[in-house]
Number of protein chains: 2
Amino acid sequence: METLRVALGARSYPIHIGADLLARAELYAPHLGPSVAIVTNDVVAPLYAARLRGVLERSGARVAEIVVEDGERAKSWPTLDRVIDALLAARLGRDGTLVALGGGVVGDLAGFAAAVYQRGVRFVQVPTTLLAQVDSSVGGKTAINHARGKNMIGAFHQPVAVVSDVATLDTLPERELRAGLAEVIKHGVALDASFFDWLEPNIEPLLARDRAALVHAVRRSCELKAAIVAEDERESGRRALLNLGHTFGHAIEAATGFGPWLHGEAVAAGMVMAAELSARLGLLPRADAARIASLLARAGLPTRAPAIAGSQWHSLMALDKKSAAGRVRFVLLEAMGRAKVQADVDASVVDEVIAAATA
Amino acid sequence: METLRVALGARSYPIHIGADLLARAELYAPHLGPSVAIVTNDVVAPLYAARLRGVLERSGARVAEIVVEDGERAKSWPTLDRVIDALLAARLGRDGTLVALGGGVVGDLAGFAAAVYQRGVRFVQVPTTLLAQVDSSVGGKTAINHARGKNMIGAFHQPVAVVSDVATLDTLPERELRAGLAEVIKHGVALDASFFDWLEPNIEPLLARDRAALVHAVRRSCELKAAIVAEDERESGRRALLNLGHTFGHAIEAATGFGPWLHGEAVAAGMVMAAELSARLGLLPRADAARIASLLARAGLPTRAPAIAGSQWHSLMALDKKSAAGRVRFVLLEAMGRAKVQADVDASVVDEVIAAATA
């Protein structure tokens with residue numbers, strides 16, 4: 001087992017990464033109040049909920065189990081309200097603990113429930129998808145969606161601990177594994193060229209779910225993200241770099257109605273577009289843009305965008321949370337492993353990138 | 001004008017108190033982003049919204065106005081969702097500002113909207129009721145209600161500034177003025193005997209809306225509350241002292257369906273019960289309990305509880321957010337101006353107090 005610490009002063013917390021951690025009672029015990037609620041979904045529950053529940057009960061906690069539907073639709077007010085209702089019915093006090101067992105949707109939903117239930121209770125993340133292990137479990141971002149946009153209602157609420165058991169990835173569908181790898185690759189592309197160098201020869205072991213490779217990829221991704229979050233918890237500056245590929249990617253997800261494209265798939269195509277934009281602006285060598293597209297393709301990820309009208313691209317991108325004073329701010333690449341935020345991007349070059357990505 | 005500073009490190013903010021502050025553009029200007037949304041209700045809007053809007057527009061901001069229904073019912077998900085929807089429609093960015101214009105309900109609702117909209121934007125409080133000026137504008141507590149309990153969904157989200165214009169109290173209904181005085185009196189009873197001594201001869205000037213008396217009462221209340229919030233932002237310890245009268249008071253509000261009793265009225269009756277409990281436990285001299293009931297009566301506030309079944313009292317009090325591990329924690333008085341929290345209170349003495357208060 002490896003343990004990282006996310007340094008956030010009084011809100012610092014450990015991330016434990018390894019195989020078969022789910023049943024390690026000592027990882028949860030320090031964080032449990034007298035009552036605990038596991039929030040999970042109807043796909044993950046049959047696989048892992050009973051085992052986790054037994055582990056938590058051995059620590060002496062009274063454990064409630066709240067099962068929501070699988071999929072992005074759970075990041076909605078009606079589902080959040082059901083979770084809050086179940087927490088009140090279980091008489092979870094302010095000294096209680098929520099445990100999020102599942103992927104990014106469960107983490108975002110349960111984390112937001114923990115942020116607002118009685119103005120905030122502790123929560124532990126037990127991510128069971130690669131995406132959640134490398135991305136949503138670090139940084140404290142929680143949210144639900146609104147009809148007008150994804151993640152529009154949310155909070156920054158740090159977990160008290162994260163338990164990332166790579167053995168739970170054995171049950172992850174192939175397509176979701178690949179979508180998680182998009183975020184792993186993003187960390188190399190945006191922040192660490194040598195991690196990208198490591199990923200190129202290791203993409204096949206990762207796709208084969210080699211545990212040592214997975215532990216390294218999760219650990220390095222969390223380290224890179226944790227370092228940024230530690231210096232910019234509220235996403236005012238450097239943290240925006242983690243959104244490489246997300247401005248285009250969110251537009252793809254929004255235009256296709258949040259569902260047909262997995263988040264990681266949209267980010268992969270968005271990253272290719274951001275690299276292409278960087279190359280056209282003369283910031284990034286063409287060869288690097290090609291390496292990025294090639295690695296994503298080897299990971300089985302889309303490198304092209306779906307057909308979306310040009311005007312729709314622009315209006316969806318303007319809704320991006322990074323936009324300031326109505327201006328879209330793009331995350332661009334100055335070199336492999338070196339991303340930067342830029343606001344004054346010529347719309348006609350953006351149009352060229354969109355045309356090239358959808359031609 | 002008097003200005004207090006609530007000391008909360010990076011989240012410190014000023015409270016400006018005086019007459020005719022609503023139109024002082026310089027009090028808002030430092031806190032406005034390119035877009036601003038005024039959240040108010042249909043009673044306050046016709047009185048003050050146009051004037052405030054003009055002031056904000058003079059600062060160069062694009063101003064949207066969001067009007068919700070008057071009353072506690074606005075602290076609900078459907079209303080919050082309408083506010084969020086209007087903010088998105090107005091394209092308020094993360095650099096925008098919400099301005100809450102109204103009483104405690106508007107402040108709680110708009111503050112919670114600001115806490116969760118795009119994971120948090122700035123908000124300015126412009127409280128137009130005495131209750132909001134002395135209580136809900138200090139401390140950063142925001143919330144909406146749930147069918148199973150009041151304020152069960154919320155966040156701690158500090159305003160960036162509070163503008164308390166006592167001239168706006170001219171339009172406050174008499175009954176709400178009195179309900180606000182309940183909280184003013186609470187601050188003296190729980191925290192400052194000499195403020196209580198000042199209130200005894202000044203209760204009539206306050207009821208007559210004497211501006212100098214109001215400015216002093218608001219200022220001293222905010223000072224007392226701000227000092228506690230500064231040392232206990234998340235309500236783990238001393239901040240609970242501000243809940244004097246609230247354990248019984250919330251039970252009264254819940255049992256009567258949140259509406260017939262104003263919050264301050266319930267707190268007044270609850271405070272009399274807490275003083276009575278303190279006296280029966282031998283903590284507080286009987287004479288002090290009598291002074292408290294007498295001042296509340298002179299302020300035109302209820303000093304007795306409605307008829308509620310004994311078992312219902314206990315189950316409603318157990319839902320109180322102060323309860324830990326299922327035990328109700330009472331705020332009691334050791335002396336005038338000195339409150340303390342106590343968990344191990346004999347249920348039979350509580351029953352005697354309930355019987356006495358409702359006989």
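Me: What makes E7(B) and E8(B) a strand pair?

Reply: The model is predicted, and in it 5 bridges join E7(B), residues 141-146, to E8(B), residues 149-156. Pairing takes at least two bridges, so 5 bridges qualify E7(B) and E8(B). The two strands run antiparallel, with a hairpin of 2 residues joining them. In this pairing B:Ile144 stands opposite B:Ile153.

Me: Why is E7(B) called largely enclosed by the rest of the structure?

Reply: A residue is buried if 20 or more other C-beta atoms lie within 10 Å of its own. In strand E7 of chain B, 6 of the 6 residues are buried, so the rest of the structure largely encloses this strand.

Me: How do you know that the two copies are related as by a two-fold rotation axis?

Reply: Chain B can be laid on chain A by a turn of 180° and a shift of 0.0 Å along the axis, with an RMSD of 0.0 Å. The copies are thus related as by a two-fold rotation axis. In chain B, B:Trp77 has the C-alpha nearest that axis, at 4.1 Å.

Me: What makes it the same surface in both copies?

Reply: Of the contact residues of chain B, 97% recur in chain A.

Conventions:
Residues are numbered from 1 along each chain as its sequence is written. Chains are lettered from A and ligands numbered from 1 in the order in which they are written. This is a predicted model: local features need pLDDT of at least 70, side-chain atom pairs count only at pLDDT 80 or more; totals for chains, interfaces and linings use all residues. A residue is buried if 20 or more other C-beta atoms lie within 10 Å of its own, exposed if 12 or fewer, and partly exposed in between; C-beta atoms are placed from the backbone. Helices (H or I, at least four residues) and strands (E, at least two) are DSSP runs, numbered from the N terminus. Copies are superposed by least squares on the C-alpha atoms of residues with pLDDT of at least 70 in both. Two residues are in contact if their C-beta atoms, placed from the backbone, lie within 7 Å.
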